[in-house]
Amino acid sequence: MNKHAILGAGALLAVLLNPYIAVAAPLPIGEVKALNVNFEPQAGIAAEKEFVVRAAPGAGFVKLHFDYFNLPAGAVLEVRDASGKEVYRYAAGKLGPHTVDAKLGENGKTSFAAMSVNGEVARVRLLLNGAKWNWNEHGVRVRKMTEGFSHERIAAAMRGKQLRPDGTLSICGADERKDAACWENSNPAEFERSRPVARLVMSGGLCTAWRLGNGNFMMTNNHCIASQGDTQASEVWFNYQYTGCNGTQMAPVTKVAAADMLKTDETLDYTLFTLRDPAAVSAFGSLGLEVRDLVRDEQIFIPQHGGGDPKQISIVSDVNTGGLCRIDAPLQNGNGTNTDAGYRCDTIGGASGSPVLSSISRKAIALHHLGGCPSGNNSGALISKIWPQIASFFNNEIPSGSGGTPTPVITPLTVNQAKTNLAGATGNEAFYSLDLATAPSTLKFTTASGSGDVDLYVRYGNLPSTTQADCKAQTVGNAETCTIPAPQAGRYYVMLRGNDAYAGVSLQATATSTVKSYENNTRVDIPDNNATGVSSAISVPLTSAAGNLSVDVDIVHPYIGDLVVSLVAPDGSVYVLHNRTGGSADNIVKSFNVSAPRVGQNGSWKLRVVDAARVDVGYIKSWRINFPN
């Protein structure tokens with residue numbers, strides 16, 4: 001059977017669009033096993049009785065499925081873990097926290113599942129409390145239990161489910177995910193914003209979910225929860241994390257049952273759902289959304305339950321600029337065309353459904369759902385695409401979440417155009433941004449004129465502060481200068497801070513760019529209807545990364561709809577410039593932009609042209625490749 005035959009349409013499309021992504025599927029977390037236990041008092045004795053159910057040694061949790069539940073009024077059944085820290089109570093007409101799995105025949109009244117208890121033991125205590133037991137009517141039967149896998153078995157299952165040929169787990173270099181507690185002191189804001197993120201335990205599977213907005217809303221992936229039945233069968237675990245960095249002591253976990261699915265979409269791979277008891281988890285806060293276009297190289301972080309592990313956060317990345325997680329592709333294909341953003345921030349199976357958070361606003365800008373590292377990018381569905389489908393549930397008001405950092409007003413700058421008459425009080429902080437499509441040769445930020453004393457701070461990819469900045473200019477007065485060494489394409493942020501009150505100040509970003517171009521003017525004839533095609537090469541002696549380059553082509557051909565034109569980098573990477581469009585139009589005389597940030601400039605670059613149809617013939621007249629310097 002074709003390995004894609006068992007995949008859903010969205011997952012299959014994602015593989016076809018990008019063969020390097022890990023297929024979207026929940027991480028296996030446990031399995032349902034047969035059990036045959038009756039919980040009832042000893043004949044003739046109306047008293048308390050405790051039963052013990054044991055799973056396999058090392059099991060992560062035990063979840064009991066009641067095939068029949070009918071207690072007399074006043075009686076209570078308790079399900080608790082071995083330590084007694086987790087306790088769930090069920091009584092006639094007053095079921096405590098529970099889930100309902102219709103696939104197992106549960107109806108939510110006389111058959112349902114208790115909440116899971118951690119460890120390999122579930123202790124069940126029947127308290128009659130003076131109630132009269134009718135042997136012909138009352139009874140509690142358990143015919144199944146879900147046994148949570150051990151950590152070792154989850155890891156094996158995670159490795160086994162990958163479709164990537166190299167067997168990797170969406171780690172982009174070294175695995176730099178760390179326990180949430182590892183960031184509590186160094187990155188307190190990121191640590192705090194991980195609190196609304198929870199472990200999602202479905203029927204046999206695991207993902208990540210998070211509280212959205214201040215109402216009763218949760219967000220995860222469609223490939224985790226796709227129906228009302230999936231929702232009612234799921235548990236959500238908040239605060240499932242270690243108390244210390246690289247710790248072994250677990251924090252107290254709050255488990256709640258999922259309630260209703262509100263909205264879902266396979267292409268954007270999201271599901272919005274509710275909880276049975278939202279008040280129980282309100283103390284963990286909630287996340288807000290940013291509905292906007294993303295910017296290449298803006299800094300991000302991802303709280304997650306990858307691998308079924310206690311909560312971890314990805315903040316740093318050894319394959320990104322400055323060693324921090326960033327947006328590498330503001331637009332890329334996911335389950336659909338240009339539905340996603342790409343990043344090289346570490347995730348593994350189980351992280352599906354995690355929020356991708358802006359390091360500036362600490363709000364969600366994407367919903368993680370696909371792996372692709374190390375060969376490609378990991379991928380999150382864009383919140384800007386999801387929001388129009390769920391806005392009505394929030395009265396069309398974008399949720400800001402509770403806690404976190406308010407997004408400051410950020411004023412855009414234009415190269416070589418000054419902002420004038422700027423003013424601020426002592427201690428006031430004003431923010432600006434500059435977007436650069438290509439890396440300039442030089443970049444400088446300056447302030448001048450006016451009265452008072454303003455200080456200048458500049459940082460690439462994230463808001464500067466008095467303690468975190470790539471450049472600080474803090475001389476007396478308003479004549480401040482920040483010259484940026486080796487400037488990059490992307491976004492620079494600027495902060496003006498009043499050391500004293502200031503007024504009449506100007507702020508300007510000055511950049512200069514030079515381009516190094518290499519050209520091949522030798523005619524190369526294109527063979528007709530030939531799948532191999534022909535190549536024209538240019539040797540480039542430069543040694544830095546290619547970045548955002550451009551290619552100028554002059555191809556003579558009377559029917560350009562026959563042609564496929566590609567740029568082939570020295571490392572073999574292929575960038576398709578023209579793919580059989582234009583029909584009967586003559587000739588391709590055009591400039592193409594190419595983003596190749598991880599390809600070295602040095603070596604032989606080739607323009608490859610394939611004529612994929614008969615009759616018309618032509619040739620490469622000339623072509624040129626241009627690198628910003």
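Colleague: What makes Lys255 count as sitting over the face of Trp237?

Modeller: This is a predicted model, mind you. In it, Lys255 is 3.8 Å from the ring centre of Trp237 and lies over its face. The cut-off for the distance is 6 Å, so that value falls within it.

Colleague: And where does the charged end of Arg523 sit?

Modeller: Over the ring of Tyr619, 3.7 Å from its centre.

Colleague: OK, ring pairs next. How many aromatic pairs are there?

Modeller: The count comes to 15. One of them is Phe69 with Phe112.

Colleague: Why is the pair of Phe69 and Phe112 called edge-to-face?

Modeller: Their centres are 5.2 Å apart and their planes make 65°. Phe69 is in strand S4 and Phe112 in strand S9, so the pair ties together parts 43 residues apart in sequence.

Colleague: How do you know whether Phe69 is buried or exposed?

Modeller: Phe69 has 5% relative accessibility, and buried means under 20%, so Phe69 is buried. Phe112, at 0%, is buried too.

Colleague: Why is the pair of Phe238 and Phe284 called stacked?

Modeller: The planes are at 20° and the centres 5.4 Å apart; stacked means under 30 degrees, so that's the class. Phe238 belongs to strand S17, while Phe284 is in the loop between strands S19 and S20, 46 residues apart. Both Phe238 and Phe284 are buried.

Colleague: Which residues do ring pairs link into a cluster?

Modeller: Phe66, Phe69, Tyr90 and Phe112.

Terms used. Residues are numbered from 1 along each chain as its sequence is written. This is a predicted model: local features need pLDDT of at least 70, side-chain atom pairs count only at pLDDT 80 or more; totals for chains, interfaces and linings use all residues. Side-chain values use heavy atoms; hydrogens and water are left out. Rings of Phe, Tyr and Trp (its six-membered ring) pair if their centres lie within 6.5 Å; planes under 30 degrees apart count as stacked, over 60 as edge-to-face and the rest as tilted. Helices (H or I, at least four residues) and strands (E, at least two) are DSSP runs, numbered from the N terminus. Buried means under 20% relative accessible area, exposed over 50%, partly exposed in between (1.4 Å probe, protein chains only). A charge sits over a ring if NZ of Lys or CZ of Arg is within 6 Å of the ring centre and within 35 degrees of the ring normal.
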